[in-house]
Structures are given as structure tokens and as C-alpha cells.
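Dear colleague,

My notes on what was found follow it.

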Amino acid sequence: MQNILFPTSQKTSRSAELFERARKLIPGGVNSPVRAFRAVGSSPVFLVRGRGSNVVDADGKHYLDYVGAWGPLLLGHAHPDVERAVGQALERGTAFGFATEAEVRLAELINEIVPSVEKVRLVTSGTEATMSAIRLARGFTERKKIIKFIGGYHGHVDSLLVKAGSGVATFSLPDSAGVPKEFADLTLALPYNDVATAERAFAEHAGQIAAVIVEPVAGNMGCVPPSQGFLPALRELTQRDGSLLIFDEVMTGFRVSRGGAQELYGIRPDLTTLGKIIGGGLPIGAYGGRADIMDMVAPEGPVYQAGTLAGNPLAVAAGIAMLEELRRRPLLYSEMEARSQRLADGLQELAVDARIPTCVNRVGSMLTLFFTPGPVVDWSSAERADRDRFAKFFHLMIERNILLPPSQFEAWFVSAAHTDKDVDITLDAAEEAFNALAQELS
Ligand SMILES: *Cc1c(COP(=O)(O)O)cnc(C)c1O
């Protein structure tokens, strides 16, 4: 597929050859839609290795990486402790399908860092975590309806694939084919950060809502922080109605602060879903929360959920190494905060200098540069962003060896491996990119 808009050298490259081969056998040539680069109108870069804040593509080109495997790599690529832990686990075997001591250790670490998770079940992806949490909430409350927020993504769970943010929005699929209308009917999708609409929904559907599931900092419509009062209102509304509050912290857990968004904003949800960082880059997910609710899960209770590779020894070893490193380095979060703030402020200043209307949202080491004056507080304000301008910016940056998520509606991740020098390099590249965009405008 020759790209006329962005004829960069990468198109006649090894990545391009691999993509041609991939498209013959894999739908769209990728195993997850956002990797396809369609949102930026080009074709994907194939990566071969990474270390720290850097990745290398199939043509040997190096990039400074702000994707971080879409969130898991808080410590950067190929962190030595994580690699060592996985190597040691590998020597003992890849899987048993039996209980292991390491799973107990990981549960203890999660419970210590995220105290609302009194009991936890390990699964193999974030999607499986949210799917199971929804089933559990329905089983516990004996109610059917779920509230989610427009632009919130909770994995590709049938009942949650309604107005589901970046991946879906990027491809302009209103919802997914293959999800029966009857499933979607049980899901109420409300505007993010809008307390009045949530109050009205609870008044209209009183006693019928099993759970509210929310990204406590939205990351899948780009980074959108919760407005003051939004999360407390959800806590109060659910409590009053006898429904459950589920924080989907698959992205924010161990990211926006060590204890996740619930620690940062001081809200205790009933259930929490985790993933990404707890596997250090290996496939894992988890759901947990109040012990009385978790005791409904089989074999303790009647809500069935299982997994052949759940608690896989390699993934668990990586997760333990990751969480232990987070405990060992008390300054890690303040350092990431400082670098991320310098990056976000720098981007905003450079855009203002170049007279490109932008709005940079950031919480901790998650940020998004929206090509709209903003403020971006929900999906409808995010959607005003100029996607074409983002696509141009993305290509100007990738030409300068900076790899951003290939969609306007994704969060960029700064890792503990990113240095002050990395931020300088990124801002220098961004200055050139903004100036090139400005040139085009004038
Ligand atoms: C990534 C993500 C998921 C899905 O996790 P997978 O491991 O991709 O299935 C769910 N919720 C949120 C908030 C996420 O960011």
C-alpha cells in the first residue's frame, strides 16, 4: 500500500515487506487494530527490540518510544530485573496449570500497594479482567445494567464495546458488529465528567444498575483527567443505590501513582481491574476488591471464571519483579512526574509559539497532545481535535526518530527509563514539527 500523503522511506522498507506478508494471513496485517497506523494514514512499523526508552525497527532505525507497549513498560524496555526474573522462572518451566507460590506473592504485593483489593484473581488480559468484573458485579447485585462512559475503553468485552474510545473511534465503527443489540441495551453510555447525567441515570434506573465501570483517569480517548467531584459523585451514587463502583485501572494502576488513581484521588472502589504494568510486558490481568464480593467467585461462590494459563509463572515473575522495583524506588514517581511535566509544558509552549491550537492533558506520566484549543474534558471535546493535523505531526515526529502512539486518541507514556536528555530531544523534534505545521498553515 503506497502512501501518497506521507511518502517516507519506511514504505519501501523491511517493515513494508513484512506488512505485505502479514496482510495475506492476518486481518489488516496486525494482531490488534491500533498497530495498523490507519489512524495516521500510513502503514505499520515492525519493531524488533527495545532497551530503556528506545526501540529499534526492522530496518535498524532507532526511536525514542512513548508507546511503551501501550502502558505496561513503566520501567522501560528490557528492564534487567524483569528479564532476570522471567529467565529464572523459565528455567523452572513455562506453565503448570497448578497453584504456585509466586501467585500468592503477587497477590500479596497487589494487596499491599492497592489496599482496596482485599482479594484478587489473576487472569491473562485486561479484557478478561473487565469481563469478569462485570459478570461478578451482576452476580453479586443480581442486577443487569451497567453504566460506562462515552470514550471509555475497557477491553473488547461485548457489553462494554459501546462508544468505546480510541480503537473503535479511530476506525469510525459506531459499535462493533457481532455484538447483539440486546447486550448493548443493558449498557448505558454516559458523558465522562458529567455528574448531572449520572444522577439522572441513577434516578431513572434505580435498583437496576449492577455497576458503574470507569477509567478513573481516561486514557483511551487520549488522556482526560477526572474533573473535581466526578469520582466522589460516582462513589456516592453507587453506594446509595446499592450498585458497585468498578475502577478500570488497567492503564492507570501503578501508573498515575504507585497505588493507582484510587490512591491519587482518595476514592475506594468496590472492584478494581488491573493489567498492563502488573505483567511487566507479559500477558496478565487481574480483578479484585472487597472480600465479600470476591468470595462470590468460583470455587468459593457461584460466579464462574477460570483460566488454563491464569497466573502463568512467567507473567507472574515479571509482575513481581516490576512491583518490587516500584517499592524499592520511592522517588520513581516524583522523577517521572517532573519529566512528564517538563515534556507537557514544553509541548504546550512550543505549540503556542508556532500558533498551533493545542491542549495538553496530563496526569503523572500519561499525557496527550490534542490538536484542539480545548479544554478536553470528555469524548465530545476530544473529538474536536484535528486528526489530520495529528497525523502530520505524528509523521514529522517519526521522521525525527520519536515514536508516538499512532492515533490522536491515545495516551503517551513516559517511563522511568526516559531521561532529561530524552525530553530535550523530544522537544527539539517537536519544535521542528510544529514549525513545519505552521509553515503549511501560512
Ligand atoms: C488496555 C486496556 C484494557 C484492555 O486490556 P487488554 O490487556 O488489552 O485486554 C482495559 N481497560 C483499559 C482502561 C485499558 O487501557
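**Findings in the predicted model**

Helix α3 (residues 101–113) lies across β4 and β9 (271–275), and its direction makes an angle of about 125° with β4. Contact here means heavy atoms within 4.5 Å. Axes are lines fitted to C-alpha atoms, for helices over the stretch in contact, with angles from 0 to 180 degrees between N-to-C directions. Helices (H or I, at least four residues) and strands (E, at least two) are DSSP runs, numbered from the N terminus.

As to sources, this is a predicted model, in which local features need pLDDT of at least 70 and side-chain atom pairs count only at pLDDT 80 or more, while totals for chains, interfaces and linings use all residues. Residues are numbered from 1 along each chain as its sequence is written, and side-chain values use heavy atoms, with hydrogens and water left out.

**The seven-stranded sheet**

Both β4 and β9 belong to an open sheet of seven strands, ordered β4-β10-β9-β8-β7-β5-β6, with mixed pairing. Two strands pair if DSSP finds at least two bridges between them. The edges are held by β4 (119–123) and β6 (187–190); each has a single partner strand, so one side of each is left without a neighbour in the sheet. From one strand to the next, the twist averages 20°. Within this sheet, β7 (residues 209–214) and β8 (residues 244–248) are parallel and share four bridges. V214 is placed opposite F247 in β8.

**The ligand site**

Which residues surround the ligand? They are S125, G126, T127, Y153, H154, G155, E215, N220, D248, V250, M251 and K276, a residue being near a molecule if one of its heavy atoms lies within 4 Å of it. This shell comprises three nonpolar, six polar and three charged residues. In that count Ala, Val, Leu, Ile, Met, Phe, Trp, Tyr, Cys and Pro are nonpolar, Asp, Glu, Lys and Arg are charged, and the others, Gly among them, are polar.

A polar side-chain atom of D248 is 2.6 Å from a nitrogen atom of the ligand. An N or O atom in the side chain of N220 lies 3.2 Å from a ligand oxygen atom, and for the side chain of K276 the distance from such an atom to a ligand oxygen is 2.6 Å. The ligand taken alone exposes 380 Å², of which the protein buries 83%; accessible areas come from the Shrake-Rupley method with a 1.4 Å probe, and for residues only the protein chains shown count as cover.

K276 lies in the loop between β9 and β10 (285–289). Although K276 is not a glycine, its phi is positive, at about 40°.

**The four-stranded sheet**

A further open sheet has four strands in the order β1-β2-β3-β13, again with mixed pairing. β1 and β13 (402–403) stand at its edges with a single partner strand each, so one side of each is left without a neighbour in the sheet. β1 (residues 47–51) and β2 (residues 54–57) run antiparallel, joined by four bridges, with R49 opposite V56 in β2. These two strands form a hairpin with two residues between them, where G52 in the turn has a positive phi of about 60°. β2 also pairs with β3 (residues 62–65) in the antiparallel sense, over three bridges.

**Cis peptide bonds**

A298 and P299 are joined by a cis peptide bond with omega of about 10°. The bond from G374 to P375 is also cis, with omega near 0°.

Yours sincerely

Key
A polar contact is a pair of N or O atoms within 3.5 Å; within protein, one must be able to donate a hydrogen and the other to accept it, and residues adjacent in sequence count only if both atoms are side-chain atoms.
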